[in-house]
Amino acid sequence: MKDQVDGLESLGIPATYINSSLTPEEQELRMHAVFEGRYKFVYVAPERFESYRFTELMQRIPISLVAFDEAHCISQWGHDFRPSYRSIVPRLKEFRNIPVFVALTATATEDVMNDIRSLLNIDEKHTVNTGFARDNLHFHIVKGKDKTAYIRNFLAERPVESGIIYTATRKQADKLYELMKKHGLSVAKYHAGLSETERKQAQSAFLHDEVTVMVATNAFGMGIDKSNVRFVLHYAMPMNIESYYQEAGRAGRDGEVSDCILLFSPQDIQLQKFLIEQSMMDEESKQHEYRKLQAMINYCHTHGCLTNYILNYFGDAVEDSSCDRCSNCTERQEKVDITVEAQMILSCVKRMNERFGVSMTAEVLKGSRDKKVLQFELDRLSTYGLLSRYTEKEITEMIHFLIAENLLDVEEGRFPTIKLNRDSIPILKGERKVEMFTAPIPTMEDVDYHQA
């Protein structure tokens with residue numbers, strides 16, 4: 001809020017904010033100034049409407065409009081849904097002095113847009129969609145690398161560029177921050193486990209270029225408008241495409257070319273599943289989150305254009321099949337025909353009665369003697385060991401590729417199962433060829449695994 005207000009005041013527009021960072025005396029002074037009409041804009045958190053004193057004041061002054069910034073937060077299908085945001089809507093509708101509601105967000109799927117329109121009674125003709133494409137952003141996926149060593153090498157090549165490194169947990173942020181400080185890098189950290197003073201100091205240092213790199217959880221970012229962020233690195237895969245695109249989109253606000261790099265490892269998937277299971281969401285919401293997580297997993301395994309994958313996710317499809325900017329478009333390896341392997345995988349899924357997930361299917365195709373394989377008598381299947389010449393990791397990668405290309409379906413959940421779909425049939429019949437690239441797609445030279 002402070003950044004938003006500072007920005008408006010620098011343009012000569014009177015604005016203020018009222019939140020818990022202020023003392024009661026400061027809040028009272030600002031509310032008095034609001035009543036006197038001294039501000040054009042007032043920024044508040046939704047919890048402020050739980051205060052009788054505040055709502056009583058709001059109903060006594062002329063209001064031109066109420067704007068919901070980061071409006072995906074009021075949608076139950078939004079990636080950052082907050083019940084406190086949604087619960088104030090009925091309260092605001094009781095006000096007789098609000099002529100217009102405006103909802104603003106940079107990342108909204110069709111489900112989220114429909115939910116927001118329904119909640120705020122917004123006619124579809126009053127929806128403005130400016131599109132999701134950001135041509136100056138270059139997307140990359142990095143697999144099979146030591147993450148901390150990769151980051152150290154990456155930062156060594158860009159010593160003066162400003163960037164953000166997002167981690168999935170506070171523990172990851174603390175560990176990475178300490179490692180980078182130890183090697184003399186210019187870095188700050190930000191997460192909800194720090195005091196408000198520590199967070200403010202870190203944010204200010206980053207915004208004013210006193211440090212070049214911010215290591216943070218997703219607690220950092222909303223309302224941050226730093227124009228010269230040249231890269232956003234994700235230390236681990238986020239929970240969904242919406243979160244990823246919003247966080248990655250903090251790069252290149254000045255229109256200059258910037259890199260958005262996701263460091264992927266299979267363990268990221270298990271962490272995100274754990275976070276979903278530990279949440280307080282009801283079962284329907286959890287299933288919805290699992291579906292969004294699967295789309296994120298598919299992004300990490302697709303061999304198609306990364307930019308177009310994101311745009312298609314938001315219903316902003318483009319005709320071109322290549323952006324000529326992302327790592328999948330610019331650094332592809334040689335294509336190989338895996339039609340026979342795909343037929344074996346699909347056949348195995350069918351013979352396993354579509355009751356198992358990726359790992360178990362890979363184990364059967366590899367010919368594993370794992371106790372669960374034997375317990376379910378999967379070693380008796382005709383497809384058992386058919387791909388024994390490959391490593392289990394390579395088979396797993398092929399299965400994920402087939403899922404990402406919609407040649408296999410996933411029934412989402414804590415223990416997702418894979419199933420055939422209508423696009424599987426032509427492959428099994430030999431009517432369709434399947435090709436994939438030969439190797440994981442690198443974005444930099446191999447790093448020294450021992451440097452970290």
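1. Buried means under 20% relative accessible area, exposed means over 50%, and partly exposed lies in between (1.4 Å probe, protein chains only). With those cut-offs, Glu-56 counts as partly exposed because its relative accessibility is 28%, and Arg-60, at 49%, is likewise partly exposed. These two residues form a salt bridge (a side-chain nitrogen of Lys or Arg within 4 Å of a carboxyl oxygen of Asp or Glu), in which the closest N and O atoms are 3.4 Å apart.

2. This is a predicted model, in which local features need pLDDT of at least 70 and side-chain atom pairs count only at pLDDT 80 or more, whereas totals for chains, interfaces and linings use all residues. Residues are numbered from 1 along each chain as its sequence is written, and side-chain values use heavy atoms, with hydrogens and water left out.

3. On confidence, the mean pLDDT (the predictor's confidence in each residue, from 0 to 100) of the protein chain is 90, and 96% of its residues reach 70 or more. Over residues 440–452, however, pLDDT stays under 50, and for this stretch the model has 37 contacts (heavy atoms within 4.5 Å) beyond four places in sequence.

4. The salt bridges come to 23 by this rule. One of them pairs Arg-325 with Asp-135, with 3.9 Å between the closest N and O atoms; because Arg-325 lies in the loop between H12 and H13 and Asp-135 in the loop between helix H5 (110–120) and strand S5 (137–143), the pair ties together parts that are 190 residues apart in sequence. Helices (H or I, at least four residues) and strands (E, at least two) are DSSP runs, numbered from the N terminus. Arg-325 is buried at 18% relative accessibility, while Asp-135 is exposed at 56%.

5. Another salt bridge joins the side chains of Lys-433 and Glu-435 (3.6 Å, N to O), where Lys-433 is exposed at 53% and Glu-435 is partly exposed at 32%. Salt bridges that share partners also join Arg-158, Glu-161 and Asp-259 into one network.

6. For the aromatic residues, rings of Phe, Tyr and Trp (its six-membered ring) pair if their centres lie within 6.5 Å, with planes under 30 degrees apart counted as stacked, over 60 as edge-to-face and the rest as tilted. The whole structure holds 15 aromatic pairs. Tyr-244 and Tyr-299 have ring centres 5.7 Å apart and planes at 50°, so this pair is tilted; Tyr-244 belongs to helix H9 (residues 241–248) and Tyr-299 to helix H11 (residues 283–301), 55 residues apart. Tyr-244 is buried at 0% relative accessible area, and Tyr-299 is buried at 0% as well. Tyr-245 and Phe-314 make a tilted pair, 5.8 Å centre to centre with 40° between the planes, and Tyr-245 and Phe-314 are both buried.

7. Which residues do ring pairs link into a cluster? The cluster consists of Phe-132, Phe-139, Tyr-244, Tyr-245, Tyr-299, Tyr-309, Tyr-313 and Phe-314.

8. Helix H15 (residues 358–366) is mostly covered, with 7 of its 9 residues buried, including Met-360, Glu-363 and Leu-365. Among the elements covering the buried residues of H15 are helix H14 (339–351) and strand S13 (417–419). After H15 comes Gly-367, whose phi is positive, near 90°.

9. With a disulfide taken as a pair of cysteine sulfur atoms within 2.5 Å, the count is 0. Cys-305 is in no disulfide, and its nearest cysteine sulfur, that of Cys-323, is 3.6 Å away.
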